[in-house]
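Open the model in your viewer and keep the sequence panel beside it. We will go from stop to stop, selecting a few residues each time.

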Amino acid sequence: MKLSRIISLLDANILGGHAGDDFEIASAFGSDMMSDVLAFDVENTLLLTGLVNQHVIRTAELLDVKCVLFVRGKTVPKEIIKQAEDAGICLLHTGKTLYVSCGILYNAGLPGCQRR
């Protein structure tokens with residue numbers, strides 16, 4: 001699914017990173033526990049989370065996640081946005097909950113990740 005479609009479906013805002021490149025996202029994974037993310041194959045994945053801290057960006061960078069979407073209208077500090085931009089990670093933001101966001105994307109045909 002194209003990033004632009006994800007942005008449209010979730011009424012998301014672009015916070016930073018390479019969102020101008022309308023790249024393809026192969027799957028999605030929603031979690032507030034970064035240790036759970038490590039157990040799944042998240043290559044070319046959109047990571048949805050309500051956890052707003054540097055560990056999210058570090059985890060995304062480690063696993064080569066292209067894009068992170070922060071849910072529940074969380075405020076994202078400028079330091080986190082800068083860290084993501086430096087790592088080449090696209091950051092998005094939506095007021096929708098994690099549950100609703102994942103449901104919308106799944107309903108639109110974006111599959112979930114597979115366990116490693």
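**Stop 1: an exposed aspartate and its partner**

Select Asp-11. Asp-11 is exposed, with a relative accessible area of 55%. Here buried means under 20% relative accessible area, exposed means over 50%, and partly exposed is in between, with a 1.4 Å probe and protein chains only. Before going on, note that this is a predicted model, in which local features need pLDDT of at least 70, side-chain atom pairs count only at pLDDT 80 or more, and totals for chains, interfaces and linings use all residues. Residues are numbered from 1 along each chain as its sequence is written, and side-chain values use heavy atoms, with hydrogens and water left out.

The side chains of Asp-11 and Lys-96 form a salt bridge, 3.3 Å from N to O. A salt bridge is a side-chain nitrogen of Lys or Arg within 4 Å of a carboxyl oxygen of Asp or Glu. Asp-11 sits in the loop between α1 (3-9) and β1 (13-16), and Lys-96 in the loop between β6 (90-93) and α5 (98-107), so the pair ties together parts that are 85 residues apart in sequence. Helices (H or I, at least four residues) and strands (E, at least two) are DSSP runs, numbered from the N terminus.

**Stop 2: the other salt bridges**

How many salt bridges does a search of the whole structure find? It finds three. Select Asp-32 and Arg-72 for another one. Their closest N and O atoms are 3.0 Å apart. Asp-32 lies in the loop between β2 (27-30) and α2 (34-37), and Arg-72 in the loop between β5 (67-70) and α4 (78-87), so this pair ties together parts that are 40 residues apart in sequence. Asp-32 is partly exposed at 32% relative accessibility. Arg-72 is partly exposed too, at 36%.

Next, select Asp-86 and Lys-82. Their side chains meet in a salt bridge of 2.9 Å, N to O. Both are in helix α4, four residues apart, which means about one helical turn separates them. Asp-86 is exposed at 57%, while Lys-82 is partly exposed at 47%.

**Stop 3: two helices side by side**

The axes of α3 and α4 come within 9 Å and cross at roughly 10°. Axes are lines fitted to C-alpha atoms, for helices over the stretch in contact, and angles run from 0 to 180 degrees between N-to-C directions. That makes α3 roughly parallel to α4. Angles under 35 degrees count as roughly parallel, over 145 as roughly antiparallel, 65 to 115 as roughly perpendicular, and the rest as oblique.

Show the side chains where they touch. From α3 come Gln-54, Ile-57, Arg-58 and Glu-61; from α4 come Ile-80, Gln-83, Ala-84 and Ala-87. Contact means heavy atoms within 4.5 Å.

Zoom in on Gln-83, in helix α4. Is Gln-83 buried or exposed? It is buried, with a relative accessible area of 18%. Gln-83 touches Gln-54, Ile-57 and Arg-58, not counting residues up to four places away in sequence.

Now select the buried residues of α3: Val-56, Ile-57, Thr-59, Ala-60 and Leu-63. They cover an arc of only 160° around the axis, which puts them on the same side of α3. The arc is that of the directions from the helix axis to the C-beta atoms. Their cover includes α2, β4 (45-49), β5, α4 and β6.

**Stop 4**

Move to α5. Its buried residues are Leu-98, Ser-101 and Leu-105. Their arc is only 70° around the axis, which puts them on the same side of α5. What covers them includes α1, β2, β4 and β5. On the other side of α5, Tyr-99, Tyr-106 and Asn-107 are exposed. Just after α5, find Gly-109, with a positive phi of about 105°.

**Stop 5: a buried loop residue**

Finish at Ile-25, in the loop between β1 and β2. Ile-25 counts as buried, at 0% relative accessibility. Which residues is Ile-25 in contact with, leaving aside its neighbours within four places in sequence? They are Met-1, Ile-6, Asn-44, Thr-45, Leu-46, Lys-66, Cys-67 and Leu-110. Pick Leu-46 and check the distance: Ile-25 and Leu-46 are 21 residues apart in sequence and 6.5 Å apart in space, C-alpha to C-alpha.
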